[in-house]
Amino acid sequence: MSKTETTEQDLAEAGEQLSTAPREESAHGGGPTLGPIGWIRWFWRQLTSMRVALILLFLLSLGAIPGSLIPQNSVDDLKVRSFKEQHDVLAPIYDRLQLFDVYSSVWFSAIYILLFVSLIGCIVPRTWQFAGQLRGRPPAAPKRLTRLPAYATWRTEATPEEVREAALGMLRKRRFRAHGTGDAVAAEKGYLREVGNLLFHVSLIVMLVAFAAGQLFKSEGGKLIIEGGGFANTLTQYDDFSSGSLFSTDELAPFSFRMNQFTGTYETGGPQRGTPRTFEADVTYSENGGDRKRSVIRVNEPLEVGGSKVYLISHGYAPVVTVKDGKGAVVFKGAVPLLPIDNNITSTGVIKVMDGYRDSTGKKVQLGFPAFFVPTYAGKGSGMMFSKFPGLAFPALNLSAYHGDLRVDGGLPQNVYQLDTSKMKPFKGPNGDILKQTLLPGETMKMPDGAGSITFEKEIKEWASFKISQQPGNGLALGGAVAAIAGLAGSLFIQRRRVWVRAVRGDASTGGLTVVEMAGLGRSESAKLPEELADLAAVLHSVAPTAPEADEADERAEK
């Protein structure tokens with residue numbers, strides 16, 4: 001064996017097990033073909049490799065993008081319906097690809113299950129290997145320390161035993177794992193790098209488990225509440241509700257709350273005019289029938305009660321209207337929530353009178369009033385109606401009127417914000433057109449032939465939409481994320497390195513002095529390793545200084 005080969009072998013042995021990363025096995029051509037068991041082993045090795053784990057982690061991040069950009073059924077079912085109505089071509093494609101339910105889709109589940117298996121298959125053997133390294137000792141010093149990237153040497157009058165003893169004490173004081181081996185001291189430091197690496201990957205598994213638990217045991221639903229209205233956490237109270245496959249409705253936290261008032265403020269001037277400044281809902285809540293408490297729910301500041309979180313999602317206006325029949329009897333009075341369609345809260349909806357109204361012949365008839373509301377009326381006289389500010393500066397309500405069958409008694413689900421006119425007839429105005437009128441607060445629109453009236457009351461309430469969410473894995477996911485960051489920081493900023501100190505009695509050419517050699521080897525190249533070795537050499541040199549005869553010999557050699 002040549003000198004070069006011997007040196008390379010020494011360096012390989014010196015750097016052995018500085019990492020627990022699995023070794024790459026090279027494929028040798030011309031070998032026997034793989035059988036079924038061989039292919040299974042090959043597939044398992046590929047799946048549990050760090051390269052595949054990183055690819056799967058990237059795919060998981062990539063797969064989460066549609067969940068952020070496309071409305072999700074689990075978050076806002078109303079937005080999903082609106083998206084489907086506006087995109088006739090894209091919606092069926094998205095449905096087939098499960099893009100409206102990304103996080104519970106088959107393809108997303110397959111990615112994180114594969115990632116889960118990959119991480120476990122990668123971590124378990126590395127953990128056992130690392131545990132073996134902790135039980136073992138740093139390897140003996142290579143034959144030629146001069147070949148290592150950081151190296152220092154001098155001659156001293158101290159005996160080799162004194163030098164090795166001083167080196168052992170110094171290295172242990174610096175928190176190196178050190179021991180004597182032959183004519184040298186071997187030491188190693190930086191095991192926390194591998195601890196951080198393993199902690200990072202274990203934390204990813206914890207987050208995957210937390211995500212899976214959250215999907216299986218979660219519950220979330222939406223509820224629109226008008227000022228003065230309330231909510232009790234039972235299934236029948238939700239406007240929409242979804243839950244994980246292992247969730248039971250018996251697990252719904254027993255609490256209730258009432259929205260006392262909603263406050264929304266906006267910039268009134270400058271280039272940011274109309275920009276929201278404050279959205280907050282003042283609520284009174286109680287848990288499990290206990291004492292009632294006050295709280296304020298703001299955007300990104302949910303109410304936490306009974307293990308659930310109540311988020312403020314959106315808001316709008318609910319004009320109060322009064323509908324009377326031809327005899328002047330009130331058949332409907334209340335606040336009707338309307339849905340915003342732009343940033344200035346221009347809103348649309350339908351006022352439906354399902355019971356209590358009779359026409360001139362005494363027949364029971366249902367009424368429907370398509371409504372168009374603007375909080376700050378603009379466009380009067382131009383044939384257009386729009387809002388120029390989201391606050392209630394100059395509210396106006398445009399109404400038209402229909403009578404007939406609303407088709408709400410057929411048992412089929414119906415959008416409460418839309419009017420089905422297939423079995424309804426419009427009231428006609430004086431010119432024979434569909435009766436329409438724009439009302440200001442306090443004004444009344446009368447229906448023809450003494451059929452009754454509808455009044456836009458001066459009181460205008462606000463509504464807020466809440467999401468009530470119960471996610472049992474959130475705390476676990478947060479802990480996993482914090483641990484992952486800590487582990488990643490450790491694996492990036494802690495360097496694992498080895499240091500050797502050799503002290504031997506020199507021959508006649510050295511005057512019988514002790515030759516001291518120090519060398520260091522890190523897992524990766526770093527400017528800090530030579531600096532650390534120089535610092536260690538300085539400390540050891542103060543105990544075993546250079547012999548005067550060695551200095552004179554060195555000066556003569558230089559001349």
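1. Basis. The model is predicted, so local features need pLDDT of at least 70 and side-chain atom pairs count only at pLDDT 80 or more, while totals for chains, interfaces and linings use all residues. Residues are numbered from 1 along each chain as its sequence is written, and side-chain values use heavy atoms, with hydrogens and water left out.

2. Salt bridge count. The whole structure holds 16 salt bridges (a side-chain nitrogen of Lys or Arg within 4 Å of a carboxyl oxygen of Asp or Glu).

3. Arg498 and Glu188. These two residues form a salt bridge, with the closest N and O atoms 3.1 Å apart. The pair links distant parts of the chain: Arg498 is in strand β24 (residues 497-505) and Glu188 in strand β3 (residues 184-189), 310 residues apart. Strands here are DSSP runs of E with at least two residues, and helices are runs of H or I with at least four, numbered from the N terminus. Arg498 counts as buried because its relative accessibility is 3%; Glu188 is also buried, at 2%. The classes are buried under 20% relative accessible area, exposed over 50%, and partly exposed in between, with a 1.4 Å probe and protein chains only.

4. Lys223 and Asp239. The closest N and O atoms of this salt bridge are 3.8 Å apart. Lys223 belongs to strand β4 (residues 219-226), and Asp239 to the loop between β5 (230-232) and β6 (240-243); the pair is 16 residues apart and links distant parts of the chain. Lys223 has 15% relative accessibility and therefore counts as buried.

5. Arg298 and Glu301. Their side chains meet in a salt bridge of 3.5 Å, N to O. Arg298 is partly exposed, with 32% relative accessibility. Glu301 is partly exposed as well, with a relative accessible area of 43%.

6. A network. Salt bridges also link Asp183, Arg502 and Glu517 in a network.

7. Nonpolar surface patch. Ile55, Phe58, Leu59, Leu62, Ile65 and Leu69 make up a nonpolar patch on the surface, and together they have about 590 Å² of accessible area. Patch members have over 30% relative accessible area and no salt bridge; like charges are joined within 9 Å, and nonpolar side chains (Val, Leu, Ile, Met, Phe, Trp, Tyr) within 5 Å. Accessible areas come from the Shrake-Rupley method with a 1.4 Å probe, and for residues only the protein chains shown count as cover. Leu69 lies in helix α3 (residues 50-69) and is exposed, because its relative accessible area is 70%.

8. Helices α6 and α8. Helix α6 (residues 106-135) packs with helix α8 (residues 191-217) at an angle of about 150°, their axes being 9 Å apart. Axes are lines fitted to C-alpha atoms, for helices over the stretch in contact, and angles run from 0 to 180 degrees between N-to-C directions. The two helices are therefore roughly antiparallel (over 145 degrees; under 35 is roughly parallel, 65 to 115 roughly perpendicular and the rest oblique). Their crossing is left-handed, that is, the near helix is turned anticlockwise from the far one by less than a right angle.

9. Two separations. Thr444 is in strand β22 (residues 444-447) and is partly exposed at 32% relative accessible area. Its C-alpha atom is separated by 104 Å from that of Val516, 72 residues apart along the chain. Thr322, in strand β11 (residues 308-324), counts as buried at 5% relative accessibility. The C-alpha atoms of Thr322 and Asp449 are separated by 19 Å, with the two residues 127 residues apart along the chain.
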